[in-house]
Amino acid sequence: MCDPKTMRKEAEKRSLDKLDQEMNVKAMQEGVETAWDRLSLQQPQCGFGQLGVCCNNCTMGPCRIDPYGGKPTHGVCGASVDTIVARNLLDDLCVGASAHSDHGREVVEVLQETAEGTAPGYQIVDKEKLYSLAAEYGIQTEGRKQEEIAKDLTVGMLAEYGSIKNRLQLSERAPVPTKEIWKKYGIVPRGIDREIVEALHRIHMGVDADYVNILLHAMRTALADGWGGSMIATECSDILFGTPKPVSSWVNLGTLSTDKINVVLHGHNPLLSEMIVHAAEDPGLKKYAEEKGAKGINLVGMCCTGNELLMRSGIPIAGNVLDQELAIATGAVEAMIVDYQCIYPSIPATAGCYHTKVVTTSKKAKIPGTVYMEFNPENAIDIAKDIIRLAIDNYPNRNADRVRIPGKPMKLMAGFSEEAICTALGGTYKPLIDAIVAGSIKGVVGIVGCNNPRIKHDYGHVTLAKELIKRNILVVETGCAAIACGKAGLLLPEAADLAGDGLKSVCNLLGIPPVLHMGSCVDNSRILVMAAKIANELGVGIGDLPLGGAAPEWYSQKAVSIGTYFVASGVYTVLGIPPKIFGSQNVLSLLADGLKGITNSSFAVEPDPVKAADLLEAEIERKRKALNI
Amino acid sequence: MKTVFVRQELCVGCRHCEIACAIEHSLNKDLFLAIHEKKPSKPRIHIETVDNYQTFPNRCRHCDPAPCMQVCPTGALYRDDITGSVLVNYGRCIGCAVCAMACPFGIIEFQQVYQLDTEREVNAKCDDCIQRQKEGKIPACAEACKTGALEFGDANDLIRTSRTDFTTKLIRSQGTDVTVPTIPEHISAYKAVMEKIASL
């Protein structure tokens, strides 16, 4: 592929955003390999794997089942295709739930250390949230120091990871009808790590062979993530760094600077990125940057940690998961600082094509070819300063001739925590409920999830969002999806012009965009809280509300967990990429149909975002009808 | 005549046939040893992909007359009298690659073979697993295929089965209760999703 025209055509096939297309061309011109190239080389991808009918659990295998009904029909142990597919799905879900919950555990531990005074650099910022959570956990607050309260809270939360407490306090926030469903089907989440370990036990050869039983536990494990690990991560991050309020900022690769030190903060946990933000304010470092010839330090986020910083401090965000190689390809990045999750192991190779340094910081997430600077909460600020110094030292190595920043950044509005949305509505959900009952807003859909090179970068998210708002459906977003719509200009009050009249009038009245950025992927728990509050006001279950969920371009195991906890909570969820379940008619039927009789929700698979909008609209109509509105 | 009949709609792109072929034509005929051999054995059957989901196992059709045989200047390509397979005498192959140009299916590739002392690459195309056939076994690719995409047998018999299946499906509506192998609904649903992704 040598000629510019072919490259441009290929770039337009790969990404929706013009700046991303530009960087795709640059990467092709400079011979820099990207995820798209590696996807091509992987073709054909094995159909046994794609259908979920490959079992590679034990050494009697690996086994596969003939998808066409011929032999072999069972694994060596006798596992049927239903068992194999269900176990594989549960396995992926566990990995995803573990990622969220372990992230949450780290935040709780740092809150604990902050209360004990062993994590200088961190402090209790949102006292109000600390107190309200303490009240939920039944912790005395009268006349007590906030540090003592925080210590008790963290102990209460850490106890929910194991088997001592056997209940998750925050799952009590769910409305009674929803909790009744969980009770009836035996899927009330008990412990965050516990459900995962039990799941892994069930996946062991010769344990759970009943696909319904396996999938019910999968739902329970996901609930222990959504109403457990993820929710705890969100709440404790709010305590430590502040609950987000509406904020204005910038998004896309144009947030990189031509004359400042560019530091990309990529990964997930704000424990690291917030400290980098603090450290960058140090006047000494600012001076050092100037000494090296830069006009300052330009911190930009990427992926969920970027979302965390955006939501709380308005730090600009350079891109989502498929942007990580493209950002480096601008030639303008001095350092990409990462902690964990969604970091392509290829980025040291990409960085090696430029002057960029990749810094890994977590004991759990080392990547060969990177600079490892171990981050710990005890020495947070010092380490953060060292990391920035490394970036500044790298600035003179930038080759201006190889730099191309592909355009201007797009403005966006973020910071829509559940609390902020409620405040924007005047302190109560009544205006939103009234609008839904009146029909000016038909319902709410959460568009969440990642990018996947199998679907044109951002196309699924942006197209679906535009379709839904046209149909007067309010859209809330998190993760890479929110970043995608940010790039497309949908996270602005002006975007209400693209919405149907009903939604448009509500947005214009309140001065909000028709698509609300609610945060990072653990912040999907904010959507659960909002749904619970609205359902409680109406005296119904979450499954009765005119809601929908969509993950148009998902790739990760975390998305399996998120999709499952939304469905298990009563929200119909449409996936743009097929999950690895099509090898079993029974599993497929249960998840796409059978669940309707259990949670009044189900999964659907529809890669075309316009058709996905049709499905979501139909579901919202169905629920409206049942509510007589 | 015997052939490996290809049913494309049953191929899932797992590439077991490729691995089985490579192992069968290696020196040690063992997966764990084959991957370390000095002259790595590469498969002689090739899975081609279109749109990231449609796959086709492409191998030598052992044509008669064979275009490759017709153009070979050294007579390196010859036909086995019993099976009718088109085989290569590696020692006579001069690597001119005109056979590859003549092949209508593009299945001829050149590689080093352990049978020759030299480092040069020769026409190492599918040999119909002639050794295995002499031992009463079927070609390695057909044996490895677990979906029925590759089936070894008498060409007319295999064609007849397909023809019967097709005809039966065609006249099913007349009330016949004969069941024929069909693509299960959930697999068709999966293929429809993949087609949609390809068309977006």
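**A walk through a predicted two-chain model**

Let me begin inside the protein, where the largest nonpolar core has 253 residues, and where Ile276(A) and Ile388(A) touch the most other members. By a nonpolar core I mean a set of buried Ala, Val, Leu, Ile, Met, Phe, Trp, Tyr and Cys residues joined through C-beta atoms within 7 Å, and a residue is buried if 20 or more other C-beta atoms lie within 10 Å of its own, exposed if 12 or fewer, and partly exposed in between, with the C-beta atoms placed from the backbone. The element that gives the most to this core is helix H10 of chain A, residues 211-241, with 16 residues; helices (H or I, at least four residues) and strands (E, at least two) are DSSP runs, numbered from the N terminus.

Please keep in mind that this is a predicted model, in which local features need pLDDT of at least 70 and side-chain atom pairs count only at pLDDT 80 or more, while totals for chains, interfaces and linings use all residues. Residues are numbered from 1 along each chain as its sequence is written, and chains are lettered from A and ligands numbered from 1 in the order in which they are written.

Which residues does Ile276(A) contact, once its neighbours within four places in sequence are left aside? They are Leu265(A), Leu299(A), Ile337(A), Ala384(A), Ile387(A) and Ile388(A), where contact means that the C-beta atoms, placed from the backbone, lie within 7 Å.

Arg402(A) sits in the loop that runs between helix H16 (380-394) and strand E10 (410-414) of chain A, and it counts as partly exposed because it has 15 C-beta neighbours inside 10 Å. Not counting residues up to four places away in sequence, Arg402(A) touches Gly331(A) and Tyr354(A).

Let us turn to a sheet in chain A, an open one whose six strands follow the order E13-E12-E11-E14-E15-E16 with parallel pairing; strands pair if DSSP finds at least two bridges between them. Strand E13 (515-517) and strand E16 (603-605) stand at the edges, each with a single partner strand, so one side of each is left without a neighbour in the sheet. Strand E15 (residues 573-575) pairs with E16(A) over three bridges, and Thr573(A) has Phe603(A) as its bridge partner in E16(A).

Finally, the contact between the chains takes 24 residues from chain B and 24 residues from chain A. On the side of chain B that touches chain A, strand E2 (46-50) and helix H8 (185-199) of chain B each supply at least two residues, and H8(B) gives the most, with eight residues.

Methods
Contact = placed C-beta atoms within 7 Å.
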